[in-house]
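This report concerns a predicted model. Please look at the sequence and the structure before reading on.

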Amino acid sequence: MKKAKLTFEDKVIDLDVITGSENEIGIDISKLKIKSGMITLDPGFKNTGSCESKVTFLDGENGILRYRGYSIEDLANNADFLEVSYLLIYGELPTKKKYRQLLSDIQERSVLDEDVKKILETFPRSAHPMGMLSCLTSSLVAFDPSSVDVNDEEEMYDAFLNLLAKIPILVAWVFRRRRGLPLEYGDFGQGYVENVTKMMFKMPNKKYVENKVVVNAINKLLILHADHEQNCSTSTVRIVGSSQAGLFASISSGISALWGRLHGGANQAVLEMLEAIQNNGSNISEYIKKAKDKNDSFRLMGFGHRVYKNFDPRAKIIKKAAHDVLYDLGIDDPILEIAKNLEIEASKDQYFIDRKLYPNVDFYSGIIYKALKIPNEMFTVMFALGRLPGWIAHWREMRTKKEPIGRPRQIYTGEKLREFISIDKR
Ligand code: ACO
């Protein structure tokens, strides 16, 4: 095994070096404290690997993303979301037989306790759907309190199916709740994404007619969001699960982590930003100036990424899909032009060039969702639905590998020991 040497004062510490299957190199510092008394410091984990993983490979310098060895381009163009979900969770694409079995097993579990509706109905209609989704996901634990035995493959399969069956229903219900529509069940036997789409859009007063453009666009977006290695929400799912908290509780935490504007919440923030630019006379330069101003907290939403420092391969696919979907649906949305011009202006600006800031997955996705008549506040919910198999895959990997509880350290910079002074003497 290769070794790295760390020199500090008169000490030389040998550290193991781990090489990944794509020749990524990591220095194993897990014994550093025992060997030297020191820890490493890395706020935001900008340079820290938290685990070894076989799920997703990401090369930020070259814009490469692969799930279980399959390129994101190949999957987005040829696969369906349920196939990709199986691939992420189990490591292999399903055979036709396994795929059919999977769909029917999901259909079998696609019922919620009627009391879940009562919980949903107690939320104000104006509640943000991400808050509702996170809360309802947590509530499912109460209806099925048994925790998953990670050594029992059957029990694990059952738990994953329950999530794949029940979360889409919750997604459709939070969408319908906000619009005051009756809560619908569906039939996954018609196809996974087909059923999600139907559960969302079926109107009580009309015969539902499936629109293939809408189904295909949602399928592609869900695949593109399905995993992204150790991002904020996935790391959250892994760390919550590492305490041996249950699967539903871990996923609910992941949903909350995803909600933030710097993570999955960016898709909603992007569309709001583009609409604000439009309402402001499409003055793109003003927004670029604001984003560069260090005294202004404004950032160009949908720009920049912790890992991609060249381009985000998902953004490339989504940009093309946005064109195709708008064309196929016969929509002429000026927001798409604003987005493209913003990208062009930012790409010529030294501030964005120096910091390697490019459009990320969220920059064009909202334009597609808007064309599909999905309201802004539902964008991150759709992202959560897409990310679900990724979260499950990572939770499974972490628990089957019996990873230790996640518990970072710190460098304390507070007060030294002080004597307590009683309140009447302060
Ligand atoms: N607009 C303007 N400046 C930016 C932006 C942006 N969108 N993103 C980063 N910068 C600047 C920072 O101000 C910083 O500048 P400095 O070096 O002069 O201080 C530099 O670029 C590095 O930024 P960091 O925040 O240190 O980069 P980090 O890797 O921590 O953050 C992040 C990545 C959170 C994605 C950031 O680029 C951002 O806030 N983007 C906007 C929100 C967004 O689109 N999030 C979605 C990401 S994709 C996803 O999670 C699904």
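## Helices α10 and α11

Helix α10 spans residues 232-241, and helix α11 spans residues 247-259. Their axes come within 8 Å and cross at roughly 150°. Angles over 145 degrees count as roughly antiparallel, and α10 and α11 are therefore roughly antiparallel to each other. The crossing of α10 past α11 is right-handed.

On the α10 side, the contact is formed by Cys 232, Ser 233, Thr 236, Val 237, Val 240 and Gly 241. On the α11 side, Ala 249, Ser 250, Ile 251, Ser 253, Gly 254, Ala 257 and Leu 258 take part. Seven residues of this contact are nonpolar, six are polar and none is charged.

## Helices α17 and α18

Helix α17 (residues 362-371) packs against helix α18 (residues 379-400) at an angle of about 110°, and the axes are 10 Å apart. This angle makes α17 roughly perpendicular to α18.

Asp 362, Gly 366, Tyr 369 and Lys 370 of α17 meet Phe 379, Met 382 and Phe 383 of α18. The contact of α17 with α18 comprises four nonpolar, one polar and two charged residues.

## Around the ligand

There are 22 residues around the ligand, of which Arg 299, Leu 300, Gly 302, Arg 306 and Tyr 351 come nearest.

Which polar atom of Leu 300 lies 2.7 Å from a nitrogen atom of the ligand? The atom belongs to the backbone of Leu 300. A backbone N or O atom of Leu 262 also lies 2.9 Å from a ligand nitrogen atom. For His 263, a polar side-chain atom is 2.9 Å from an oxygen atom of the ligand.

How values were computed. Residues numbered from 1 in each chain as written. Predicted model: local features only at pLDDT ≥ 70, side-chain atom pairs only at ≥ 80, totals over all residues. Heavy atoms only, no water. Axes fitted to C-alpha atoms, helices over the stretch in contact; angles between N-to-C directions. Helix = DSSP H or I, 4+ residues; strand = E, 2+ residues; numbered from the N terminus. Parallel < 35°, antiparallel > 145°, perpendicular 65-115°, else oblique. Left-handed = near helix turned anticlockwise from the far one by under 90°. Contact = heavy atoms within 4.5 Å. Nonpolar A, V, L, I, M, F, W, Y, C, P; charged D, E, K, R; others polar. Near = heavy atom within 4 Å. Polar contact = N/O pair within 3.5 Å; in protein donor to acceptor, adjacent residues only side chain to side chain.
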